[in-house]
Amino acid sequence: MEDTTLIQTTISFVKEKLKDAEGGHDWFHIERVYKNSLLIAKDEKCDLLIVQLGALLHDIADSKFHGGDENVGPETARTFLEGQGVDESTMVQVISIIENISFKGGNFEKKFDSIELQIVQDADRLDAIGAIGVARTFNYGGFKNRPIYNPDIQPVLNMSKDAYKNNTAPTLNHFYEKLLLLKDKMNTSTGKKLAQQRHEFMESFLSQFYAEWNGEK
Ligand code: ADP
Ligand code: NI
């Protein structure tokens, strides 16, 4: 199959799969990650098809929305890619991206690495910070019926993967537990540059938030 046809088929598959997804993990999140991946890939030596498929399929069945099961995503992707006749080595690379992209507390050893994973991971992280990051985070908190903020509940750094997944803390804590840490975890030089500006926006959002919370003028 031509690469462009395969990409179009993958886009249709992902749109259909994610049609009822939570607002921060829907098709538009995938589309933004896809576009950011292409932007970052311009400055890297990489296999573009693996980057494209990895970006499009990276959240095809997020374990958060599948009872914690981390195998559904990779299995769904494999069944789909096999059905499209994608060669084994491309398929393995794409599935490795899906298996290794997630933050999950940031406190575990990466078992796999590739430039294609680094690109898609940076693109996914960029969509977790900045204005979009703020919007997605409060959307997710609302989806989980979490409080916006509670000054009595402190953020917890260096959580284990399980503690991170089972966290029920107020949404504002997520900024300290993940979002503000991402800038220093970026892999590529383009990713680092883009992250800096989005990071500063979040810092300014937080200082405005506290000023308003505390009734300051
Ligand atoms: P990861 O598993 O790598 O942390 P996620 O898919 O969980 O990636 O995170 C994507 C986005 O979902 C986050 O950047 C954030 O906007 C939202 N999100 C995830 N967990 C939480 C949480 N505990 N509180 C608020 N938002 C969250
Ligand atoms: Ni994602």
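Predicted model: local features only at pLDDT ≥ 70, side-chain atom pairs only at ≥ 80, totals over all residues.
Residues are numbered from 1 along each chain as its sequence is written, chains are lettered from A and ligands numbered from 1 in the order in which they are written, and side-chain values use heavy atoms, with hydrogens and water left out.

## Salt bridges

Side chains of opposite charge can pair when their charged atoms come close. Here a salt bridge is a side-chain nitrogen of Lys or Arg within 4 Å of a carboxyl oxygen of Asp or Glu. The whole structure holds nine salt bridges.

One of them joins Lys161 to Glu70, at 3.1 Å from N to O. Lys161 lies in helix α8 (residues 161-165) and Glu70 in the loop between α3 and α4, so this pair ties together parts 91 residues apart in sequence. Helices are DSSP runs (H or I, at least four residues), and strands are runs of E (at least two), numbered from the N terminus.

Arg78 has two partners to follow. Arg78 and Glu82 both lie in helix α4, four residues apart, which is about one turn of the helix.

Arg78 also forms a salt bridge with Glu88, where the closest N and O atoms are 3.1 Å apart. Arg78 sits in helix α4 and Glu88 in helix α5, so this pair ties together parts 10 residues apart in sequence. Helix α5 spans residues 88-100. The C-alpha atoms of Glu88 and Arg78 are separated by 9.7 Å.

Elsewhere, salt bridges that share partners join Arg32, Asp127 and Arg136 into one network.

How open are these charged residues? The table gives relative accessible areas. Buried means under 20%, exposed over 50%, and partly exposed in between (1.4 Å probe, protein chains only).

| Residue | Relative accessible area | Class |
|---|---|---|
| Lys161 | 33% | partly exposed |
| Glu70 | 33% | partly exposed |
| Arg78 | 27% | partly exposed |
| Glu82 | 46% | partly exposed |
| Glu88 | 45% | partly exposed |

## A patch of negative charge

Glu2, Asp3, Asp47 and Asp87 gather in a patch of negative charge on the surface. Patches are made of residues with over 30% relative accessible area and no salt bridge; like charges are joined within 9 Å, and nonpolar side chains (Val, Leu, Ile, Met, Phe, Trp, Tyr) within 5 Å. Asp and Glu count as negative, Lys and Arg as positive, while His and the chain ends are not counted. The place of a charge is taken as NZ of Lys, CZ of Arg, CG of Asp or CD of Glu. Accessible areas come from the Shrake-Rupley method.

Asp47 is found in the loop between α2 (27-41) and α3 (48-57). Asp47 counts as partly exposed, at 34% relative accessibility.

## Aromatic rings

A pair of aromatic rings is described by the distance of the centres and the angle of the planes. Rings of Phe, Tyr and Trp (its six-membered ring) pair if their centres lie within 6.5 Å; planes under 30 degrees apart count as stacked, over 60 as edge-to-face and the rest as tilted. By this rule there are 13 aromatic pairs.

Phe13 and Phe80 make a stacked pair, because their ring centres are 4.2 Å apart and their planes stand at 10°. The pair links distant parts of the chain: Phe13 is in helix α1 (residues 3-17) and Phe80 in helix α4 (residues 72-83), 67 residues apart. Phe80 is buried, with a relative accessible area of 9%.

Ring pairs also link Phe138, Tyr149, Phe175, Phe205, Phe209, Tyr210 and Trp213 into a cluster.

## A buried alanine

Ala123 is found in helix α6 (residues 115-126). Ala123 counts as buried, at 0% relative accessibility. Ala123 and Leu172 are 49 residues apart in sequence and 22 Å apart in space, C-alpha to C-alpha.

## Positive phi angles

Phi of Asn145 is near 55°, a positive value in a residue other than glycine. Asn145 lies in the loop between α7 (130-143) and α8. Asn145 is exposed, with a relative accessible area of 69%.

Asn158 also has phi near 55°. Asn158 lies in the loop between α7 and α8. Asn158 counts as exposed, at 62% relative accessibility.

Note on methods:
Areas by Shrake-Rupley, 256 points an atom, 1.4 Å probe, with all protein chains shown as cover.
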